[in-house]
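Here is a set of questions and answers for a reader meeting this structure for the first time. Each answer ends on what was asked for.

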Amino acid sequence: MHIGDRSLEQWRALGCRRRETVVCFYCWRGIDAPVGTKVPLPARGRIGGPVRPHFAHPAGIAPPGGHIRETVRHVNAKYRLARWAPALSNVARGRPRWCCFCGW
């Protein structure tokens with residue numbers, strides 16, 4: 001999932017203090033935490049505010065120093081490409097492929 005898939009209000013309804021259905025992908029995959037770690041994420045930010053909308057760990061629950069930024073950017077870029085590419089007429093549809101560099 002990506003923060004841009006829904007409005008902030010919809011994400012907040014699913015977030016940390018409510019149904020706990022949005023969890024950190026990196027913690028769950030075992031990046032900076034044991035595999036299967038479920039950290040509920042609230043949606044942060046405000047449309048038109050100084051910080052763009054994003055998901056964030058609740059205070060005191062993030063790994064020391066946060067997650068590796070390159071990993072975050074890599075997954076975010078792959079997600080955006082996967083959402084954009086099927087709209088092109090010359091892109092074949094098929095099963096998603098794992099990334100040859102990181103295994104995702």
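Q: Leaving aside neighbours within four places in sequence, which residues is C24 in contact with?
A: The model is a predicted one. C24 is buried, with a relative accessible area of 3%. Once neighbours within four places in sequence are set aside, the residues in contact with C24 are V39, L41, H57 and H67.

Q: How far from C24 is the nearest cysteine sulfur?
A: The structure holds 0 disulfides. A disulfide needs two cysteine sulfur atoms within 2.5 Å. C24 is in no disulfide, and its nearest cysteine sulfur, that of C27, is at a distance of 3.7 Å.

Q: Is C27 buried or exposed?
A: C27 is in no disulfide, and the nearest cysteine sulfur to it is that of C24. Buried means under 20% relative accessible area. The relative accessibility of C27 is 2%, so C27 counts as buried.

Q: Which residues have the most contacts inside the largest nonpolar core?
A: In soluble globular proteins, nonpolar side chains tend to be buried together. The largest nonpolar core here has 15 residues, and those with the most contacts inside it are W11, C24 and Y26.

Q: Which helix gives the largest share of this core?
A: The largest nonpolar core is made of 15 residues. At least two of its residues come from each of α1 (8-14), α2 (25-28) and α3. The largest share, 3 residues, is supplied by α1.

Q: Where does H57 lie?
A: H57 is buried, at a relative accessible area of 15%. Apart from residues up to four places away in sequence, H57 touches C24, C27, V39, L41, R44, A62, P63 and H67. Its place in the chain is the loop between β2 (54-55) and α3 (69-84).

Q: What is the length of the polar contact between the side chains of H57 and H67?
A: H67 is found in the loop between β2 and α3. H57 lies in the loop between β2 and α3 as well. The polar contact that joins their side chains has a length of 3.2 Å.

Q: Which residue's side chain is joined to that of H67 by a polar contact of 3.0 Å?
A: H67 is buried, with 14% relative accessible area. Leaving out residues up to four places away in sequence, H67 touches C24, Y26, C27, I31, D32, H57 and V72. The polar contact of 3.0 Å joins the side chain of H67 to that of D32.

Q: What is phi of D32 near?
A: D32 lies in the loop between α2 and β1 (43-44). With 41% relative accessibility, D32 counts as partly exposed. Phi is positive here in a residue other than glycine, with a value near 70 degrees.

Q: How far apart in space are I68 and I31, C-alpha to C-alpha?
A: I68 is in the loop between β2 and α3. I68 counts as partly exposed, at 48% relative accessibility. I68 and I31 are 37 residues apart in sequence, and the C-alpha to C-alpha distance is 8.6 Å.

Q: What kind of aromatic pair do W11 and F55 form?
A: The structure holds 2 aromatic pairs. In one of them, the ring centres of W11 and F55 are 5.1 Å apart. Planes over 60 degrees apart count as edge-to-face. The planes of W11 and F55 are at 80 degrees, so the pair is edge-to-face.

Q: How many residues apart in sequence are the parts tied together by the pair of W11 and F55?
A: W11 is buried, at 1% relative accessible area, whereas F55 is partly exposed, at 24%. W11 lies in helix α1 and F55 in strand β2, so their pair ties together parts whose separation in sequence is 44 residues.

Q: What is the angle between the planes of F25 and Y26?
A: F25 counts as partly exposed, with 31% relative accessibility. Y26 counts as buried, with 13% relative accessibility. F25 and Y26 form an edge-to-face aromatic pair, 5.6 Å centre to centre, and the angle between the planes is 85 degrees.

Q: Which residue has its charged end over the ring of W11?
A: W11 is buried, with a relative accessible area of 1%. The charged end that sits over its ring, 5.1 Å from the centre, belongs to R6.

Note on methods: Residues numbered from 1 in each chain as written. Heavy atoms only, no water. Helix = DSSP H or I, 4+ residues; strand = E, 2+ residues; numbered from the N terminus. Buried < 20%, exposed > 50% of the residue type's maximum accessible area, 1.4 Å probe, protein only. Polar contact = N/O pair within 3.5 Å; in protein donor to acceptor, adjacent residues only side chain to side chain. Contact = heavy atoms within 4.5 Å. Core = buried A, V, L, I, M, F, W, Y, C linked by side-chain atoms within 4.5 Å. Phe/Tyr/Trp six-rings, centres within 6.5 Å; stacked < 30°, edge-to-face > 60°. Lys NZ or Arg CZ within 6 Å of the ring centre and 35° of its normal.
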